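Welcome! Here is a short briefing to read alongside the structure.

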Amino acid sequence: IRDIGVTGVQTCALPISLAGSHVMNQHMVTFEAMKSITSLPFDASQCQILRSISKLKALHSFVRRNEKKELKEFHKSELMKYKLPGLLSKFTVKDPSEKAFILLQSDISGHKYKNEVLLAEHTTVRNEAMKFLEALQEYCEKASKYGKLALQCIKLQRSMHYCIWDENGVLNQIECLGRSTKASNALAFSGIRSFQDVLDCSEKKLDEIIFRSIKKKNLGREVKSQVGKLCRDRLKLFAQLDFTMNSCIPCDLICTLNYDDPTMGATRTREPNVNYRMIAYTDSPPHSYLIFEQSICSPSSFSATLPSNPFNKLYVHIVGSLAGFDETIVLDAKGNLALASNKVSCKLLKNSEKLTPEVDLRSSSQAKKRALRQIDISFAPERQRKKPSPITPPSNQRSSGILSSSLAVNMDPSNEYRKEYAAKVDDPTKCRRFFRPNPPESTPDHFAPM
């Protein structure tokens with residue numbers, strides 16, 4: 001228990017509670033769940049978090065025969081974001097952890113099973129997963145200080161709450177459209193994927209697209225009004241590094257949040273519809289966070305002292321309570337923007353997590369030269385001259401007979417060598433060169449013996 005950080009031992013051998021025990025008591029998680037929380041790496045992805053949740057015994061249930069077909073069909077579909085290893089055509093659910101992994105993603109995707117038992121198990125799996133994620137977030141905040149892991153945890157909580165993934169289904173959060181994916185898919189097919197795209201589109205075009213998908217009239221105005229209310233509370237992120245005097249070494253990080261539309265600040269007298277969380281961390285392991293703030297709903301300013309260990313890039317994220325309001329800024333060690341910032345889009349978060357590492361062209365070329373020097377070039381021996389292969393006999397025996405007889409007639413029978421040559425033509429295996437059938441008599445030397 002002491003090794004996983006739940007308790008500590010004083011010099012008098014009396015146990016004292018640490019951050020792990022507070023998390024276990026507050027969120028009522030089991031020791032098995034707490035052990036998996038502490039074993040997660042600092043750069044764990046959403047797939048790794050879901051896999052660790054699916055291995056908990058509280059989520060396991062017996063895999064019934066009548067459930068395998070539906071689980072396999074959902075695993076093949078595009079709604080399942082993270083696939084299990086193996087061929088899709090030959091995949092079958094055998095282990096309870098695999099069943100829990102599929103149920104977790106089907107719940108986020110909003111998939112409805114025909115089997116009533118699977119629908120009932122959705123509730124159990126979802127409740128246990130939310131409890132695990134809340135405990136993981138608090139453990140990252142109070143104990144491990146893993147900024148990147150806390151960011152993925154917050155996004156997964158939002159996905160499970162609204163039953164959508166970050167990249168898709170942003171417009172499913174609009175109340176008048178509902179949780180059905182027909183309207184959002186039709187809008188996405190027409191190029192309307194974000195809240196800003198809805199505001200830029202005309203009401204007439206929205207009416208036509210929504211009516212073709214869900215057969216409801218005059219919803220364009222209502223959709224635009226609801227999106228306008230949400231975007232009225234949108235905050236814009238600014239970040240910069242503060243340097244020491246007469247030096248190029250950064251010392252502080254300053255982050256500021258302001259309204260995207262400053263003219264609407266005086267009219268905001270009610271509680272906003274969207275609140276934010278801010279996380280800032282460096283790229284040096286273990287990605288310890290510098291700023292971790294929650295429930296931000298108004299313009300604010302935050303600052304943090306940079307760590308002493310060297311780093312190349314610094315990531316600042318704000319995550320909205322609704323998908324589609326996320327924003328990120330990436331700064332390098334010199335304070336320059338590494339990516340285009342201040343764009344409210346989930347795609348920016350996705351691109352910032354997949355930054356290509358910088359490549360030293362000089363070192364890579366030298367490595368290639370070293371590799372070429374190490375290659376052993378072996379030369380093949382000199383090719384030997386092949387002996388001419390015998391002429392294969394013609395397939396048509398009649399034509400070969402006509403050819404041999406014509407040669408015999410044209411040649412002089414009195415010449416003994418010509419008789420020998422005609423006999424060799426009759427036997428094609430003995431003739432290795434082609435000669436004219438009737439050479440001039442004055443030059444018999446052309447017909448050297450074979």
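A residue is called buried when its relative accessible area is under 20%, exposed when over 50%, and partly exposed in between (1.4 Å probe, protein chains only). Helices (H or I, at least four residues) are DSSP runs, numbered from the N terminus. This is a predicted model, where local features need pLDDT of at least 70, side-chain atom pairs count only at pLDDT 80 or more, and totals for chains, interfaces and linings use all residues. Residues are numbered from 1 along each chain as its sequence is written, and side-chain values use heavy atoms, with hydrogens and water left out.

**Helix α5**
- Helix α5 spans residues 96–109, and twelve of its 14 residues are buried.
- Among the buried residues are Phe 101, Ile 102, Leu 103 and Leu 104.
- The cover over the buried residues of α5 includes α3, α4 (68–76), α6 (116–144) and α7.
- Just past α5, Gly 110 has a positive phi of about 75°.

**Where α3 meets α7**
- Helix α3 (residues 46–54) packs against helix α7 (residues 147–162) at an angle of about 70°, and their axes are 10 Å apart; axes are lines fitted to C-alpha atoms, for helices over the stretch in contact, and angles run from 0 to 180 degrees between N-to-C directions.
- From α3, Gln 46, Ile 49 and Leu 50 meet residues of α7 including Leu 149 and Leu 156, where contact means heavy atoms within 4.5 Å.

**Cysteines**
- The structure has zero disulfides, a disulfide being a pair of cysteine sulfur atoms within 2.5 Å.
- Cys 201 is buried at 8% relative accessible area, and Cys 255 is buried at 0%.

Technical notes
Helix = DSSP H or I, 4+ residues; strand = E, 2+ residues; numbered from the N terminus. Expected span 1.5 Å × (residues − 1).
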